[in-house]
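Here is a short briefing on one protein chain. Look over the sequence and the model first, then work through the points below.

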Amino acid sequence: MTWVEIAGFVTGAVCVWLVVRRNVWNFAVGMANNVFFCVLFVQAGLYAEAGLQVVYFGLAALGWWWWLHGGANRTALVVRRTPAWAWLAVGAGVALGTGLLWWVLMTFTDSTVPGADALTTAMSLGAQLMLNRKWIGNWLIWIAADVIYIGLYVHKELYLTAVLYALFLTLCVVGLRQWRRVLAEESADGTVLVSGAGTGGSDTAERGQDDSGAAGVAAAKAARS
């Protein structure tokens, strides 16, 4: 166990907790987490996972902007159901990405777990894109990916990281339940409760209007990393 793994553990746990809370500062903490995990995974020979952290860093910046300005008329995004086309697109992307990454890892690296490394990388990218758009289905993909990650990290003897992903798995279940509750409340009264709105990260609540037909509700907010 190294200080890099410990730092990754702490920032990762805080990041997911902020996502569950729909707090926009999850993106800042997550970007720090990406740096720590990139170093850790290179050391462990998980090259696809290391490369994924670089992609995550860029996606976090995009997600940060989307959560604040990605709604109608550049308003904040609200929790929404995942469109059918998005499930199809993400599913196809995961399948193609897994195959391509598997070939790359088998051909150009000394990875001992190319299949699992490729699959979890592709699933994580799909889940992150869905999270960036605040589509509730992101939690289902994260849950499936985390189950695979736990076994992968135990196999690579990254035990603290495996514990972290067990925590991630628990938080993902909690996040799915909370986001479903928020979506139900939005559908019921046409409003949304916002965490960390504005420039701060506090649990202040705001109400607003959202013209997006996917949720057909209101929005004003900021959340997550």
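Phenylalanine 168 touches Gly12, Ala13, Val16 and Asp146, leaving aside its neighbours within four places in sequence. The model is a predicted one. Phenylalanine 168 belongs to helix H7, which covers residues 159-189.

**Phenylalanine 168**
- Is phenylalanine 168 buried or exposed? Its relative accessible area is 8%, so phenylalanine 168 is buried, the cut-off being under 20%.
- Phenylalanine 168 and cysteine 15 stand 153 residues apart in sequence. In space, their C-alpha atoms are 9.7 Å apart.

**Threonine 161**
- Threonine 161 also sits in helix H7.
- Its relative accessibility is 2%, so threonine 161 counts as buried.
- Which residues does threonine 161 contact, leaving aside neighbours within four places in sequence? They are Glu5, Phe37, Leu40 and Tyr153.
- With glutamate 5, threonine 161 makes a polar contact between side chains, at 2.9 Å.
- Threonine 161 and glycine 12 are 149 residues apart along the chain. Their C-alpha atoms are separated by 9.6 Å.

**Helix H1**
- Helix H1 runs over residues 3-20 and has 18 residues.
- From first C-alpha to last, H1 reaches 26 Å. That is close to the 26 Å expected at 1.5 Å a residue.
- The buried residues of H1 include Glu5, Gly12, Ala13, Cys15 and Val16. Among these, Glu5 is a contact of threonine 161, while Gly12, Ala13 and Val16 are contacts of phenylalanine 168.
- Arginine 22 follows H1 and has a positive phi, near 60°.

**Helix H2**
- Helix H2 spans residues 26-44, which makes 19 residues.
- How far apart are the end C-alpha atoms of H2? They are 26 Å apart. The span should be 27 Å at 1.5 Å a residue, so the two values agree.
- Phe37 and Leu40 are among the buried residues of H2. Both are contacts of threonine 161.
- Others on the buried list of H2 include Asn26, Phe27, Gly30 and Met31.

**Helices H3 and H5**
- Helix H3 (residues 47-69) packs with helix H5 (residues 114-132). The angle is about 5°, and the axes are 9 Å apart.
- Why do H3 and H5 count as roughly parallel? Their angle is about 5°. Angles under 35 degrees count as roughly parallel, so H3 and H5 qualify.
- On the H3 side, the residues that meet H5 include Leu52, Tyr56, Trp66 and Trp67. On the H5 side, they include Thr120, Ser124, Leu125 and Gln128.
- The residues of this contact divide into eleven nonpolar, six polar and two charged.

**Serine 124**
- Serine 124 lies in helix H5.
- Its relative accessibility is 0%, so serine 124 counts as buried.
- Serine 124 touches Leu52, Tyr56, Trp142 and Tyr149, not counting residues up to four places away in sequence.
- A side-chain polar contact of 2.7 Å joins serine 124 to tyrosine 149.

**The whole chain**
- What is the secondary structure of the protein chain? It comes to seven helices and zero strands.
- Along the sequence, the pattern reads α-α-α-α-α-α-α.
- The protein chain has 225 residues, and 51% of them count as buried.
- Take the contacts between residues at least 6 apart in sequence: 72% of these join residues at least 24 apart.

Key:
Residues are numbered from 1 along each chain as its sequence is written. This is a predicted model: local features need pLDDT of at least 70, side-chain atom pairs count only at pLDDT 80 or more; totals for chains, interfaces and linings use all residues. Side-chain values use heavy atoms; hydrogens and water are left out. Helices (H or I, at least four residues) and strands (E, at least two) are DSSP runs, numbered from the N terminus. The expected span of a helix is 1.5 Å times one less than its number of residues. Buried means under 20% relative accessible area, exposed over 50%, partly exposed in between (1.4 Å probe, protein chains only). Axes are lines fitted to C-alpha atoms, for helices over the stretch in contact, and angles run from 0 to 180 degrees between N-to-C directions. Angles under 35 degrees count as roughly parallel, over 145 as roughly antiparallel, 65 to 115 as roughly perpendicular and the rest as oblique. Contact means heavy atoms within 4.5 Å. Ala, Val, Leu, Ile, Met, Phe, Trp, Tyr, Cys and Pro count as nonpolar, Asp, Glu, Lys and Arg as charged, and the others, Gly among them, as polar. A polar contact is a pair of N or O atoms within 3.5 Å; within protein, one must be able to donate a hydrogen and the other to accept it, and residues adjacent in sequence count only if both atoms are side-chain atoms.
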